[in-house]
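Dear colleague,

I am handing over the structure we spoke about, and below it you will find my notes on what was found. Please read them with the model open beside you.

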Amino acid sequence: PYDLGDWYIPTVGSPDLEPETTIAYEFGLRTRPSSNYLLSFTLYYKDMYDYIASVVYDADPTEYARFENMDYANSKGVTIALSKRASAKVSGNVDYTYSVSEGNASDPAAAFNDEASNIEPEKMLVPLDWDQRHTLNTTLTYHPIKNSGVGIIFSYGSGLPYTTQYLGVRTSFENNARKPSTFNVDLRSYYHFQLSGIKMSLSMN
């Protein structure tokens, strides 16, 4: 038996929890448009069952929450990637991914938190916390002379979801809005050489 005490909605574990299950499907295609380029397409779909969620029960002297296997999520998307091997002093790759991740809740304690805040738990699939719809990654390296290179790395990600609030109270369903998109640029150059038989390298980041 659980020792509930008299404090507000304690959370207890469960010896009956089953492992979370993921069933994934993936289809890929790779082709060479020319001897210097490689183009690939990847489609994927994942069903995720028995995600752990908190369920609130009435009891004496207080309510309590217990973790159980009941949530569901899915993820699907497509990735397109193009790679170029070193030729004409240039090499690099670029890949773009569109994906959608939805589920009942991102946090196993979501139902517990909703109950504590007097909010109706979600009864539909909503975007999960990591549901980033668009990502783009690019790497490009230029080799002006032998044993040297100038490279740039660029990454972009569309905004992650968040839940709007007013005066600390949720105003809509979970993850109903989007944060701003983000991007990052890194630049690196290097030059390898030998001095008195010792291999040395100069670099700038």
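In this predicted model, the side chain of Asp131 has a polar atom that lies 2.8 Å from the backbone nitrogen of Ser101. Asp131 itself belongs to the loop between β6 (126–127) and β7 (134–142), and because its relative accessible area is 0%, below the 20% limit, Asp131 counts as buried. If its neighbours within four places in sequence are left aside, the residues in contact with Asp131 are Ser99, Val100, Ser101, Gly159, Leu160, Pro161 and Arg178.

The next part to look at is the pairing of strands. Strand β2 (residues 21–34) pairs with strand β3 (residues 37–57) in the antiparallel sense over 12 bridges, and these two strands form a hairpin with 2 residues between them. Within this pairing, Tyr25 has Tyr45 in β3 as its bridge partner. Strand β3 is also joined to strand β4 (residues 64–87), again running antiparallel, by 19 bridges, and here Tyr51 stands opposite Asp71 in β4.

Methods. Residues are numbered from 1 along each chain as its sequence is written. This is a predicted model: local features need pLDDT of at least 70, side-chain atom pairs count only at pLDDT 80 or more; totals for chains, interfaces and linings use all residues. Side-chain values use heavy atoms; hydrogens and water are left out. Helices (H or I, at least four residues) and strands (E, at least two) are DSSP runs, numbered from the N terminus. Buried means under 20% relative accessible area, exposed over 50%, partly exposed in between (1.4 Å probe, protein chains only). A polar contact is a pair of N or O atoms within 3.5 Å; within protein, one must be able to donate a hydrogen and the other to accept it, and residues adjacent in sequence count only if both atoms are side-chain atoms. Contact means heavy atoms within 4.5 Å. Two strands pair if DSSP finds at least two bridges between them.
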